[in-house]
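Thanks for coming, everyone. Please take a look at the structure on the screen before I start.

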Amino acid sequence: MDSPEPCHKRLKRSRSNSFEKFSSQLVVTPEDSMAKPWAVTLDCSNAPNSVGTLWRLASKDCMARVHRAEAVPYGRDGPPYGLVQASIDDHDGLLKALTHEGSQQIVRGSVCLIGKTSDIFVSLMPHPGWESSMTVIGSMPESGIVEAVEPLLLRPIHDFVHPKYKTVMALLDKPLRCRLTVAGDPVTAPASNITAAPAIHKDWRTYYSNGQPYYYNLVTRKTQWEAPIA
């Protein structure tokens with residue numbers, strides 16, 4: 001069987017030399033039969049390495065636990081913080097080792113990877129400014145949020161003060177174990193295909209898709225087919 005294609009190989013070129021989204025999903029299935037499963041549509045165009053790494057983990061049928069459930073606050077930024085958060089079993093620390101990607105803003109339905117952790121969250125409200133440290137890896141439709149994610153807010157919770165940041169968090173009394181699987185087009189992280197790029201500025205990295213080079217800017221987090229000016 002052929003190995004999965006690199007993440008960007010599946011993305012079509014557009015007239016602006018940028019990348020379009022493709023259809024791949026992360027499926028979260030709770031072990032509790034009273035909780036409904038939900039699907040995240042992954043966005044490789046915003047976070048190719050993060051999406052590829054997460055796909056690799058989930059394709060091995062890994063586990064996660066939903067442990068934080070924060071309602072949307074009334075007339076303030078929080079607490080609560082309007083999100084549902086889960087920790088992914090990442091024994092090799094692959095997610096923790098990733099650097100921040102993308103500049104996509106976080107809105108209701110955004111699914112994000114928290115920097116330097118193996119935690120993801122579903123955003124239940126806009127979080128302006130958070131995109132500078134949180135990587136948007138995908139999104140959920142409103143129906144999925146209402147039917148599967150928001151009901152978790154009704155479960156028993158308790159307050160917990162983060163020992164370092166002093167953030168007051170709403171944690172579930174009983175974390176919800178979930179199984180992660182994938183559906184749709186297979187993707188892999190392109191990190192192993194990084195090559196040196198002679199005569200290209202240090203801010204750029206070169207990748208190859210079926211022999212065709214494309215370019216990723218470490219500062220702007222943008223990917224393009226057109227070679228940057230040296």
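Predicted model: local features only at pLDDT ≥ 70, side-chain atom pairs only at ≥ 80, totals over all residues.

Let's start with the backbone. As a general point, most residues other than glycine have a negative phi, and most peptide bonds are trans. So where do we find a cis peptide bond? Go from Pro79 to Pro80: that bond is cis, with omega near -10 degrees. Pro80 sits in the loop between strand S3 (63–70) and strand S4 (83–88). Keep S4 in mind; we will come back to that strand.

Next, positive phi. Lys116 has a phi near 65 degrees, and Lys116 is not a glycine. You will find Lys116 in the loop between strand S5 (110–114) and strand S6 (119–123). Is Lys116 buried or exposed? Exposed, with a relative accessible area of 58%.

Now move along to Lys166. Its phi is near 65 degrees, again a positive value in a residue other than glycine. Lys166 belongs to the loop between strand S8 (157–161) and strand S9 (168–184). Lys166 is exposed, at 56% relative accessible area.

Back to S4, as promised. How many of the residues of S4 are buried? The count is 6 of 6, so by the cut-off of under 20% relative accessible area the strand is mostly covered. In a regular strand, side chains alternate between the two faces of the sheet. Here both faces are covered. Leu83, Gln85 and Ser87 are buried on one side. Val84, Ala86 and Ile88 are buried on the other.

Which strands pair with S4? S3 pairs with S4 in the antiparallel sense, over 6 bridges. S6 also pairs with S4 in the antiparallel sense, over 5 bridges. Take Leu83 as a landmark. Leu83 is the bridge partner of Glu70, and Leu83 also stands opposite Ser123 in S6.

A quick stop at helix H1, residues 48–58. This helix is mostly covered too: 10 of its 11 residues are buried. Among them are Val51, Leu54, Trp55 and Leu57.

On to charges. Side chains of opposite charge can pair when their charged atoms come close. How many salt bridges does the structure hold? The answer is 5. I will walk through some of them.

First on my list is Arg155 with Asp32, at 3.0 Å from N to O. Arg155 is in the loop between helix H2 (142–149) and S8, while Asp32 is in the loop between strand S1 (24–30) and strand S2 (38–42), so this pair ties together parts that are 123 residues apart in sequence. Arg155 is partly exposed, at 22% relative accessible area. Asp32 is partly exposed as well, at 27%.

Then there is Arg68 with Glu70. Their closest N and O atoms are 2.9 Å apart. Are these two buried or exposed? Arg68 is buried, with a relative accessible area of 9%. Glu70 is buried, at 1%. Remember that Glu70 is the bridge partner of Leu83 in S4.

Next comes Arg108 with Glu150, at 3.0 Å from N to O. Arg108 lies in the loop between S4 and S5, and Glu150 in the loop between H2 and S8, so the pair ties together parts 42 residues apart in sequence. Arg108 is partly exposed, at 28%, and Glu150 is partly exposed, at 24%. There is a third member here. Salt bridges that share partners join Arg108, Glu142 and Glu150 into one network.

A search of the whole structure finds 2 cavities of 30 Å³ or more.

Methods. Residues numbered from 1 in each chain as written. Heavy atoms only, no water. Helix = DSSP H or I, 4+ residues; strand = E, 2+ residues; numbered from the N terminus. Buried < 20%, exposed > 50% of the residue type's maximum accessible area, 1.4 Å probe, protein only. Salt bridge = Lys/Arg side-chain N within 4 Å of Asp/Glu carboxyl O. Pairing = 2+ DSSP bridges. 1 Å grid on protein atoms, 1.4 Å probe; cavity = no way out; pocket = protein on both sides within 12 Å on 5 of 7 lines; lining within 4 Å. Points joined across faces, edges and corners; volume = space filled by probe spheres on them.
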